[in-house]
Amino acid sequence: MIFLFSGGNLKKMSLFHWILLLVFPILGINLYATVGEIFWLKQATQLLFIMGILAIYLKQKKRPRINECCFIVFFFLAKFAEFFAISGNYELLSLFFYILAFIALSREVISQTKREKASKVMLLYSFLLFVINAYLLFTHLLELKSYISSDFRFTAYIVYYLNLLILGVISLIYYLNSYSEKSIYCVTLVLAFVFADVFKDAAHFYMQDLAILIIGNLLWFIGLIFSLLFFLTPERKLRLMDLI
(Lines give C-alpha, C1' and ligand atoms only; values in the text may rest on other atoms or scores of the structure.)
Protein backbone atom coordinates (compact mmCIF):
# COMPACT_ATOMS: atom_id res chain seq x y z
CA MET A 1 0.00 0.00 0.00
CA ILE A 2 1.32 3.43 -0.95
CA PHE A 3 0.69 6.08 1.67
CA LEU A 4 -0.89 9.31 0.44
CA PHE A 5 1.55 11.57 2.26
CA SER A 6 4.83 9.77 1.59
CA GLY A 7 7.91 11.86 0.92
CA GLY A 8 7.55 11.75 -2.85
CA ASN A 9 3.88 12.63 -2.81
CA LEU A 10 4.42 15.56 -0.44
CA LYS A 11 6.50 17.27 -3.10
CA LYS A 12 3.76 16.76 -5.69
CA MET A 13 0.85 17.91 -3.52
CA SER A 14 -1.22 20.72 -5.01
CA LEU A 15 -2.29 23.87 -3.19
CA PHE A 16 -5.76 22.34 -2.70
CA HIS A 17 -4.28 19.28 -1.00
CA TRP A 18 -2.13 21.40 1.31
CA ILE A 19 -5.18 23.43 2.36
CA LEU A 20 -7.22 20.28 3.04
CA LEU A 21 -4.37 18.80 5.07
CA LEU A 22 -4.26 21.98 7.15
CA VAL A 23 -7.98 22.69 7.52
CA PHE A 24 -9.64 19.44 8.60
CA PRO A 25 -7.69 18.60 11.80
CA ILE A 26 -7.42 22.20 13.01
CA LEU A 27 -11.03 23.06 12.20
CA GLY A 28 -12.21 19.91 14.00
CA ILE A 29 -10.27 20.80 17.17
CA ASN A 30 -11.42 24.42 16.92
CA LEU A 31 -15.06 23.32 16.69
CA TYR A 32 -14.58 21.11 19.75
CA ALA A 33 -13.00 24.02 21.65
CA THR A 34 -15.82 26.37 20.64
CA VAL A 35 -18.55 23.97 21.74
CA GLY A 36 -16.70 23.13 24.96
CA GLU A 37 -15.92 26.83 25.60
CA ILE A 38 -12.18 26.11 25.88
CA PHE A 39 -10.89 29.61 25.10
CA TRP A 40 -7.15 28.87 25.06
CA LEU A 41 -7.56 25.86 22.74
CA LYS A 42 -9.74 27.83 20.36
CA GLN A 43 -7.16 30.62 20.19
CA ALA A 44 -4.28 28.13 19.85
CA THR A 45 -5.87 26.38 16.86
CA GLN A 46 -6.45 29.70 15.13
CA LEU A 47 -2.84 30.73 15.72
CA LEU A 48 -1.68 27.36 14.40
CA PHE A 49 -3.87 27.81 11.34
CA ILE A 50 -2.34 31.22 10.57
CA MET A 51 1.14 29.70 10.89
CA GLY A 52 0.07 26.92 8.51
CA ILE A 53 -1.24 29.51 6.03
CA LEU A 54 2.10 31.32 6.19
CA ALA A 55 4.04 28.08 5.70
CA ILE A 56 1.96 27.11 2.63
CA TYR A 57 2.32 30.63 1.24
CA LEU A 58 6.11 30.65 1.58
CA LYS A 59 6.32 27.15 0.06
CA GLN A 60 4.12 27.99 -2.93
CA LYS A 61 5.18 31.58 -3.60
CA LYS A 62 8.52 31.84 -5.37
CA ARG A 63 8.75 35.57 -4.76
CA PRO A 64 6.88 36.55 -1.58
CA ARG A 65 5.35 40.04 -1.67
CA ILE A 66 5.83 42.41 1.27
CA ASN A 67 2.14 43.37 1.60
CA GLU A 68 1.04 39.74 1.62
CA CYS A 69 3.62 38.76 4.25
CA CYS A 70 2.70 41.78 6.39
CA PHE A 71 -0.98 40.84 6.25
CA ILE A 72 -0.32 37.30 7.53
CA VAL A 73 2.18 38.42 10.21
CA PHE A 74 -0.05 41.24 11.54
CA PHE A 75 -3.02 38.87 11.51
CA PHE A 76 -1.00 36.45 13.64
CA LEU A 77 -0.02 39.22 16.08
CA ALA A 78 -3.65 40.36 16.35
CA LYS A 79 -4.82 36.85 17.15
CA PHE A 80 -1.94 36.39 19.63
CA ALA A 81 -2.99 39.59 21.43
CA GLU A 82 -6.49 38.13 21.80
CA PHE A 83 -5.01 35.59 24.22
CA PHE A 84 -4.84 38.44 26.74
CA ALA A 85 -8.06 40.20 25.65
CA ILE A 86 -9.44 40.11 29.21
CA SER A 87 -7.50 43.33 29.58
CA GLY A 88 -8.87 46.23 27.53
CA ASN A 89 -5.35 47.27 26.52
CA TYR A 90 -4.69 43.95 24.82
CA GLU A 91 -8.04 44.13 23.04
CA LEU A 92 -7.07 47.52 21.63
CA LEU A 93 -3.67 46.12 20.65
CA SER A 94 -5.42 43.30 18.79
CA LEU A 95 -7.61 45.82 16.92
CA PHE A 96 -4.48 47.83 16.08
CA PHE A 97 -2.78 44.80 14.50
CA TYR A 98 -5.96 43.89 12.60
CA ILE A 99 -6.07 47.43 11.20
CA LEU A 100 -2.44 47.13 10.07
CA ALA A 101 -3.21 43.73 8.50
CA PHE A 102 -6.14 45.11 6.50
CA ILE A 103 -4.12 48.16 5.45
CA ALA A 104 -1.47 45.79 4.06
CA LEU A 105 -4.21 43.81 2.29
CA SER A 106 -5.68 47.03 0.85
CA ARG A 107 -2.26 48.03 -0.48
CA GLU A 108 -1.91 44.64 -2.15
CA VAL A 109 -5.35 44.90 -3.77
CA ILE A 110 -4.57 48.42 -5.01
CA SER A 111 -1.30 47.19 -6.52
CA GLN A 112 -3.27 44.57 -8.49
CA THR A 113 -5.88 47.05 -9.75
CA LYS A 114 -5.60 48.46 -13.25
CA ARG A 115 -7.80 51.47 -13.88
CA GLU A 116 -10.35 51.09 -16.63
CA LYS A 117 -13.23 53.35 -17.59
CA ALA A 118 -16.41 52.13 -15.90
CA SER A 119 -19.94 52.54 -17.27
CA LYS A 120 -22.51 54.69 -15.48
CA VAL A 121 -24.43 51.55 -14.52
CA MET A 122 -21.35 50.05 -12.86
CA LEU A 123 -20.63 53.33 -11.06
CA LEU A 124 -24.21 53.47 -9.77
CA TYR A 125 -24.02 49.81 -8.73
CA SER A 126 -20.76 50.43 -6.85
CA PHE A 127 -22.19 53.51 -5.14
CA LEU A 128 -25.31 51.63 -4.00
CA LEU A 129 -23.22 48.76 -2.61
CA PHE A 130 -21.04 51.23 -0.74
CA VAL A 131 -24.05 53.03 0.76
CA ILE A 132 -25.73 49.76 1.79
CA ASN A 133 -22.60 48.36 3.42
CA ALA A 134 -21.81 51.68 5.10
CA TYR A 135 -25.33 51.78 6.53
CA LEU A 136 -25.13 48.20 7.81
CA LEU A 137 -21.77 48.79 9.50
CA PHE A 138 -22.99 52.09 10.94
CA THR A 139 -26.04 50.33 12.39
CA HIS A 140 -23.79 47.64 13.86
CA LEU A 141 -21.59 50.27 15.50
CA LEU A 142 -24.63 52.02 16.99
CA GLU A 143 -25.68 48.71 18.55
CA LEU A 144 -22.17 48.23 19.97
CA LYS A 145 -22.15 51.72 21.46
CA SER A 146 -24.47 50.76 24.33
CA TYR A 147 -22.15 47.87 25.26
CA ILE A 148 -18.87 49.83 25.16
CA SER A 149 -18.35 52.23 28.05
CA SER A 150 -15.00 53.70 26.96
CA ASP A 151 -15.09 56.38 24.25
CA PHE A 152 -11.51 55.55 23.26
CA ARG A 153 -12.37 51.88 22.83
CA PHE A 154 -15.46 52.75 20.77
CA THR A 155 -13.32 55.06 18.59
CA ALA A 156 -10.96 52.14 17.96
CA TYR A 157 -13.92 50.06 16.76
CA ILE A 158 -15.01 52.91 14.46
CA VAL A 159 -11.52 53.08 12.92
CA TYR A 160 -11.44 49.30 12.58
CA TYR A 161 -14.78 49.03 10.78
CA LEU A 162 -14.04 52.09 8.66
CA ASN A 163 -10.87 50.33 7.58
CA LEU A 164 -12.90 47.23 6.68
CA LEU A 165 -15.35 49.37 4.71
CA ILE A 166 -12.52 50.97 2.73
CA LEU A 167 -11.08 47.52 2.04
CA GLY A 168 -14.51 46.42 0.79
CA VAL A 169 -14.72 49.38 -1.59
CA ILE A 170 -11.19 48.76 -2.89
CA SER A 171 -11.90 45.06 -3.46
CA LEU A 172 -15.12 45.93 -5.31
CA ILE A 173 -13.29 48.39 -7.56
CA TYR A 174 -10.65 45.74 -8.22
CA TYR A 175 -13.32 43.18 -9.10
CA LEU A 176 -15.16 45.54 -11.49
CA ASN A 177 -11.89 46.49 -13.21
CA SER A 178 -10.52 42.96 -13.39
CA TYR A 179 -13.28 40.35 -13.24
CA SER A 180 -10.75 37.58 -12.76
CA GLU A 181 -10.54 34.49 -10.58
CA LYS A 182 -8.12 36.38 -8.34
CA SER A 183 -10.57 39.28 -7.89
CA ILE A 184 -13.39 36.86 -6.97
CA TYR A 185 -11.18 35.41 -4.23
CA CYS A 186 -10.51 38.98 -3.05
CA VAL A 187 -14.18 39.95 -2.79
CA THR A 188 -15.01 36.64 -1.08
CA LEU A 189 -12.32 36.99 1.59
CA VAL A 190 -13.41 40.54 2.40
CA LEU A 191 -17.06 39.52 2.76
CA ALA A 192 -16.03 36.56 4.94
CA PHE A 193 -14.02 38.76 7.30
CA VAL A 194 -16.76 41.41 7.50
CA PHE A 195 -19.46 38.91 8.44
CA ALA A 196 -17.07 36.99 10.72
CA ASP A 197 -16.48 40.19 12.70
CA VAL A 198 -20.17 41.03 12.86
CA PHE A 199 -20.97 37.54 14.17
CA LYS A 200 -18.06 37.66 16.62
CA ASP A 201 -19.15 41.03 18.03
CA ALA A 202 -22.76 39.85 18.23
CA ALA A 203 -21.72 36.81 20.27
CA HIS A 204 -19.29 38.80 22.42
CA PHE A 205 -21.44 41.81 23.28
CA TYR A 206 -25.15 41.11 23.11
CA MET A 207 -26.10 37.61 21.93
CA GLN A 208 -24.30 34.68 23.57
CA ASP A 209 -25.33 31.96 21.13
CA LEU A 210 -23.28 28.90 20.19
CA ALA A 211 -24.53 28.82 16.58
CA ILE A 212 -23.40 32.42 16.04
CA LEU A 213 -19.95 31.63 17.47
CA ILE A 214 -19.55 28.60 15.19
CA ILE A 215 -20.65 30.52 12.07
CA GLY A 216 -18.31 33.39 12.93
CA ASN A 217 -15.41 30.95 13.37
CA LEU A 218 -16.13 29.20 10.08
CA LEU A 219 -16.23 32.54 8.26
CA TRP A 220 -12.90 33.48 9.87
CA PHE A 221 -11.31 30.29 8.53
CA ILE A 222 -12.89 30.83 5.10
CA GLY A 223 -11.52 34.38 5.00
CA LEU A 224 -7.97 33.18 5.62
CA ILE A 225 -8.27 30.35 3.07
CA PHE A 226 -9.45 32.77 0.39
CA SER A 227 -6.68 35.18 1.40
CA LEU A 228 -4.18 32.44 0.60
CA LEU A 229 -5.92 31.70 -2.71
CA PHE A 230 -5.91 35.41 -3.55
CA PHE A 231 -2.19 35.70 -2.85
CA LEU A 232 -1.22 32.59 -4.84
CA THR A 233 -3.53 32.96 -7.85
CA PRO A 234 -2.09 34.79 -10.87
CA GLU A 235 -4.11 37.58 -12.44
CA ARG A 236 -6.09 36.20 -15.39
CA LYS A 237 -9.41 37.48 -16.69
CA LEU A 238 -12.26 34.98 -16.79
CA ARG A 239 -13.75 33.99 -20.11
CA LEU A 240 -17.45 33.40 -20.66
CA MET A 241 -16.84 29.64 -20.85
CA ASP A 242 -15.38 29.73 -17.31
CA LEU A 243 -18.81 30.72 -15.98
CA ILE A 244 -20.67 27.76 -17.55
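The chain has nine helices and zero strands, and from the N terminus on its elements run α-α-α-α-α-α-α-α-α. This is a predicted model, with a mean pLDDT of 82 for the chain and 83% of its residues at 70 or more. Of the 244 residues in the chain, 43% are buried, and among the contacts with a separation of 6 or more, 73% are between residues 24 or more positions apart.

**Confidence along the chain**

- Confidence is highest in helix α4 (residues 66-81), with a mean of 95, and lowest in helix α1 (residues 7-12), where the mean is 48.
- Over residues 1-10 the pLDDT is below 50, and this stretch has seven contacts in the model beyond near neighbours in sequence.
- The pLDDT is also below 50 over residues 240-244, a stretch for which the model shows three contacts beyond near neighbours in sequence.

**Salt bridges**

- The structure holds five salt bridges, and one of them joins E108 to R65, with the closest N and O atoms 2.8 Å apart.
- Because E108 lies in helix α5 (residues 88-112) and R65 in the loop between α3 (39-60) and α4, this pair ties together parts that are 43 residues apart in sequence.
- K79, E82, D197 and K200 are linked in a network of salt bridges, in which E82 is buried with a relative accessible area of 12%, D197 counts as buried at 9% relative accessibility, and K200 is partly exposed with a relative accessible area of 36%.

- The side chain of S183 reaches the backbone oxygen of S180 at 2.7 Å, and, not counting residues up to four places away in sequence, S183 touches Y174, Y175 and S178.
- I184 also lies in helix α8, but I184 is partly exposed, with a relative accessible area of 32%.
- The C-alpha atoms of I184 and Y174 are 9.4 Å apart in space, while the two residues are ten residues apart in sequence.

**Surface**

- The chain exposes about 14300 Å², of which carbon and sulfur atoms supply 72%.
- A nonpolar surface patch of about 800 Å² is made by L124, F127, L128, F130, V131, I132, Y135 and L136, and one of these residues, F127, has its place in helix α6 (residues 120-145).

Note on methods: Residues numbered from 1 in each chain as written. Predicted model: local features only at pLDDT ≥ 70, side-chain atom pairs only at ≥ 80, totals over all residues. Heavy atoms only, no water. Patch = residues over 30% accessible without salt bridge, like charges linked within 9 Å, V, L, I, M, F, W, Y side chains within 5 Å. Areas by Shrake-Rupley, 256 points an atom, 1.4 Å probe, with all protein chains shown as cover. Salt bridge = Lys/Arg side-chain N within 4 Å of Asp/Glu carboxyl O. Helix = DSSP H or I, 4+ residues; strand = E, 2+ residues; numbered from the N terminus. Polar contact = N/O pair within 3.5 Å; in protein donor to acceptor, adjacent residues only side chain to side chain. Contact = heavy atoms within 4.5 Å. pLDDT = per-residue confidence, 0-100. Buried < 20%, exposed > 50% of the residue type's maximum accessible area, 1.4 Å probe, protein only.
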